[in-house]
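This report is meant for a reader who has not seen the structure before. Please look over the sequence and the model shown here before reading on.

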Amino acid sequence: MENLSVRGAKIVSQTDLLEQALGMFLQDPYDQQCNPQGFVNVGVTENKVCFDLLKERLTRPDMNYLDSSLLGYNNLAGIRSLREEAARFLTDYCRSPVPLNPNNIIIMNGCSSILCALSAVICNPGDGFLTPTPYYSRIALYTGAYSGLQPVYVPLNSQVTENNGHPFELTMQKLEEGMEKGKQKGIRVTALILTNPQNPLGEVYPLHLIKECLEFASRYKLHVILDEIYMLSVMDTEFTSVLSFHDLPDPERTHFIWGLSKDFGMNGLRIGILYTENKHVVNSMSRMATFHQCSGPTQHMAYQFLQDRDWLENVFFPTNKELLRNSQTTLVTGLEELRIPVIHRSTGMYVWADFRKFLPSQTFEGEMELWQRFISEKLCITPGKTFECCEPGWFRLTTSLPDHILQVCLEKLKKVLQCGPQLNITSNSK
Ligand SMILES: Cc1ncc(COP(=O)(O)O)c(C=O)c1O
């Protein structure tokens with residue numbers, strides 16, 4: 001930690017299993033032909049089922065375009081054509097009751113940058129954000145790194161009780177308890193961060209719950225950040241975007257995030273989009289974009305991609321949905337054969353699975369021990385502790401991968417689980 005600031009030391013001291021897993025994979029990546037003994041990564045969520053389709057579209061001549069403005073300094077909020085196209089796209093796919101305004105859009109290099117910059121402009125150092133757990137815990141890195149925003153967890157668990165109608169149910173009572181916890185710890189809670197569809201649970205929040213959350217936030221004057229990065233990968237379930245609401249309880253404090261990383265399998269392109277009606281937030285985010293901009297040519301590619309509705313509607317979406325469904329079926333069927341229950345299948349990119357009966361002990365040490373055994377077998381799946389889950393034994397597995405990778409994953413799981421304990425745990429999972 002020598003020569004680092006307090007902030008720098010804090011950033012490196014945080015363990016990040018997702019980053020570690022990606023590092024192990026990148027050093028020795030599994031490849032069916034060239035490296036069949038390599039590391040299989042089912043822990044990081046990437047959509048890899050549509051690469052051939054994307055390659056064909058992204059290498060067409062209309063992508064390879066340059067004019068001098070794309071090589072020059074451009075509008076910091078994002079190039080005009082992309083912001084206009086993003087506004088049209090989100091109006092349609094989020095079913096906004098009115099056309100969305102391109103002036104309310106900020107483009108940055110990924111949703112991680114949006115979360116990082118947004119927390120810096122709407123919260124003060126030391127403030128807290130409320131979030132139900134398990135959650136995508138890198139959000140705490142994004143919001144904490146520069147801005148010093150700290151998480152206040154609202155722990156959800158799998159037991160079905162009077163107050164918990166289904167496993168990991170979010171209720172207003174639990175959010176109220178979270179506010180109280182923040183108060184007791186002396187943390188000023190100023191934001192509520194929700195991912196919808198939820199990551200890692202895969203749950204899609206029903207309309208009434210989003211409404212209740214927005215009203216809850218409005219009562220406490222909290223900013224609400226709705227991260228809807230997986231919204232177009234939802235299968236067989238009605239999805240409600242916050243942008244579809246006619247009357248938001250507090251539009252000035254409601255902020256929507258989406259990007260191309262997941263739904264379009266392009267995390268390498270680095271495109272994240274913020275929509276907010278708060279002009280002050282738009283102005284300050286434009287300034288912050290100095291540090292988080294996407295290159296002009298990349299923005300042009302994203303514009304061309306989003307405006308090709310014919311291809312998206314007739315080629316990409318139907319093929320992608322079918323492939324996501326097939327790969328989910330492969331993994332879930334294999335898990336069921338291993339007697340591993342999963343919950344919520346509406347997100348086509350990952351499942352939340354119950355490995356509790358395979359833990360050597362019902363503790364987080366037991367969870368890490370099982371994870372280490374998977375790692376020794378060169379398989380990465382992500383343990384619940386990474387998502388701040390309050391119960392040991394849950395893991396997230398990515399389903400949006402080619403079939404042969406999922407088959408290798410299942411073989412490795414079988415090999416590891418056959419050697420360990422199999423306890424008789426009654427699961428409440430549906
Ligand atoms: C809920 C959520 N938000 C944000 C991100 C980061 O997205 P990006 O690649 O756009 O930075 C991820 C990535 O896994 C995610 O799961």
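The sections below cover the pockets, the ligand and some backbone features of this predicted model.

## The largest pocket

The largest pocket holds about 760 Å³ of space. Its lining is made up of 29 residues, and those nearest the centre are Gln14, Thr15, Ser137, Ala140 and Leu141. Sorted by class, the lining of this pocket has 12 nonpolar, 9 polar and 8 charged residues.

Several elements supply at least two lining residues each: helix H1 (6-13), helix H2 (17-27), helix H7 (138-145), strand S4 (150-155) and helix H13 (364-376). The biggest share of the lining of the largest pocket comes from H7, which gives 5 residues. Both domains take part, since domain 1 (6-54 + 311-417) and domain 2 (69-308) each contribute at least three residues to the lining of the largest pocket.

## The second largest pocket

About 540 Å³ of space is found in the second largest pocket. It is lined by 26 residues; Tyr136, Arg138, Tyr142, Lys262 and Asn267 are the ones nearest its centre. The lining of the second largest pocket divides into 12 nonpolar, 6 polar and 8 charged residues.

At least two residues of this lining come from each of H2, helix H6 (111-122) and H7. Here H2 gives the most, with 5 residues. The second largest pocket lies between domain 1 (6-54 + 311-417) and domain 2 (69-308), because both of them give residues to its lining.

## The ligand and its surroundings

Which residues are closest to the ligand? They are Cys111, Ser112, Asp227, Ser261 and Lys262, out of 13 residues that surround the ligand. Lys262 is also one of the residues nearest the centre of the second largest pocket.

A polar side-chain atom of asparagine 199 is 2.9 Å from an oxygen atom of the ligand, and for tyrosine 230 the corresponding distance is 3.0 Å. Taken alone, the ligand would expose 400 Å², and the protein buries 94% of that.

## Backbone features

Most peptide bonds are trans, and most residues other than glycine have a negative phi. Some places in this model depart from that pattern, and they are described here.

A cis peptide bond links threonine 133 to proline 134, with omega at about 5°. Proline 134 belongs to the loop between strand S3 (128-133) and H7. Another cis peptide bond runs from asparagine 199 to proline 200, with omega near 20°. Proline 200 sits in the loop between strand S5 (189-195) and helix H9 (207-219). Asparagine 199, which takes part in this cis bond, also has the polar side-chain atom that lies 2.9 Å from a ligand oxygen. Arginine 95 is not a glycine, yet its phi is positive, at about 55°. Arginine 95 is located in the loop between helix H5 (80-93) and strand S2 (105-108).

Notes: Residues numbered from 1 in each chain as written. Predicted model: local features only at pLDDT ≥ 70, side-chain atom pairs only at ≥ 80, totals over all residues. Heavy atoms only, no water. 1 Å grid on protein atoms, 1.4 Å probe; cavity = no way out; pocket = protein on both sides within 12 Å on 5 of 7 lines; lining within 4 Å. Points joined across faces, edges and corners; volume = space filled by probe spheres on them. Helix = DSSP H or I, 4+ residues; strand = E, 2+ residues; numbered from the N terminus. Nonpolar A, V, L, I, M, F, W, Y, C, P; charged D, E, K, R; others polar. Domains from an automatic or database assignment. Near = heavy atom within 4 Å. Polar contact = N/O pair within 3.5 Å; in protein donor to acceptor, adjacent residues only side chain to side chain. Areas by Shrake-Rupley, 256 points an atom, 1.4 Å probe, with all protein chains shown as cover.
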